[in-house]
Amino acid sequence: MLLRRRAWDILRDDYPVVKIDDPLAEAIRKLNACASEGCLCALVKDRNGRVKGAVSIWDTMRFMEDTLLHGDGMKCLDENRYEQMFTNACKVSGSISVKDVMDKEMTVIRPDEPLLLVLEDFVKKGRSYAVVMEGGHVIGVIMINDIYKEISDQILARG
């Protein structure tokens with residue numbers, strides 16, 4: 001089944017977009033707004049509307065982990081001041097530019113790519129999304145949970 005089905009069969013043509021100079025808080029707002037639909041990333045565009053990368057929930061969490069656990073404000077963890085330090089770290093992180101957090105080497109696939117190869121790209125590259133492009137234009141995105149649904153539906157139908 002995954003060899004017959006193609007990226008165009010399951011791509012999402014409705015996905016969030018942020019500007020490269022937007023603060024991380026804006027990307028988080030947009031990701032939260034579509035999280036219930038399984039959206040895991042937002043595409044990042046420059047001032048001319050060209051896609052320059054993507055920022056995913058995973059990129060955001062990796063950045064926050066680095067900021068909270070390894071940032072200067074948390075090195076001398078004082079239990080009495082932890083809440084204030086955490087609040088300060090979140091404020092600073094929210095104002096960081098998307099360009100400092102985004103994935104500049106996003107996985108790009110063709111619309112006719114078999115889903116089995118898309119799955120292989122997800123696993124090899126450790127990504128949770130792929131951008132579907134044709135002729136230099138984005139036509140959609142695929143999230144790992146879209147592939148999961150395809151596989152799990154087949155397992156449950158046969159199990």
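1. Ground rules. This is a predicted model, where local features need pLDDT of at least 70 and side-chain atom pairs count only at pLDDT 80 or more, while totals for chains, interfaces and linings use all residues. Residues are numbered from 1 along each chain as its sequence is written, and side-chain values use heavy atoms, with hydrogens and water left out.

2. Overall layout. The protein has 6 helices and 6 strands; these are DSSP runs, numbered from the N terminus, with helices being H or I of at least four residues and strands E of at least two. Reading from the N terminus, the order is α-β-α-β-β-α-α-β-α-β-β-α. Along the principal axes, the C-alpha atoms fill a box of roughly 55 × 45 × 25 Å.

3. The β1-β2-β3 sheet. Three strands make an open sheet in the order β1-β2-β3, with mixed pairing (two strands pair if DSSP finds at least two bridges between them). The edges are β1 (17-19) and β3 (51-56), each with a single partner strand, so one side of each has no neighbour in the sheet. On average, neighbouring strands here are turned by 35 degrees against each other, direction ignored.

4. Strand β2 (residues 41-45) and β3 run antiparallel and are joined by 5 bridges. The hairpin leaves 5 residues between the strands, and G49 in the turn has a positive phi of about 85 degrees.

5. The β4-β5-β6 sheet. This is also an open sheet of 3 strands with mixed pairing, in the order β4-β5-β6. Its edge strands are β4 (108-109) and β6 (137-143), each pairing on one side only. β4 pairs with strand β5 (residues 129-134) in the parallel sense over 2 bridges, and V108 stands opposite V131 in β5.

6. The crossover. β4, α5 and β5 make a right-handed β-α-β unit. Right-handed here is defined with the strands pointing away from the viewer: the path from the first strand over the helix to the second runs clockwise.

7. β5 and β6 pair in the antiparallel sense over 6 bridges. Y129 stands opposite M143 in β6, and V132 has G140 of β6 as its bridge partner. There are 2 residues between the strands of this hairpin, and G135 takes a positive phi near 60 degrees.

8. The α5/α6 packing. Helix α5 (residues 115-125) packs on helix α6 (residues 144-158) at an angle of about 130 degrees, with the axes 11 Å apart. That makes α5 oblique to α6 (under 35 degrees counts as roughly parallel, over 145 as roughly antiparallel, 65 to 115 as roughly perpendicular and the rest as oblique). Axes are lines fitted to C-alpha atoms, for helices over the stretch in contact, and angles run from 0 to 180 degrees between N-to-C directions. α5 passes α6 in a left-handed crossing, meaning the near helix is turned anticlockwise from the far one by less than a right angle.

9. Who touches whom. L115, V118, L119 and F122 of α5 meet I144, I147, E150 and I151 of α6, contact being heavy atoms within 4.5 Å. By class, the contact of α5 with α6 has 7 nonpolar, no polar and 1 charged residues. For the classes, Ala, Val, Leu, Ile, Met, Phe, Trp, Tyr, Cys and Pro count as nonpolar, Asp, Glu, Lys and Arg as charged, and the others, Gly among them, as polar.
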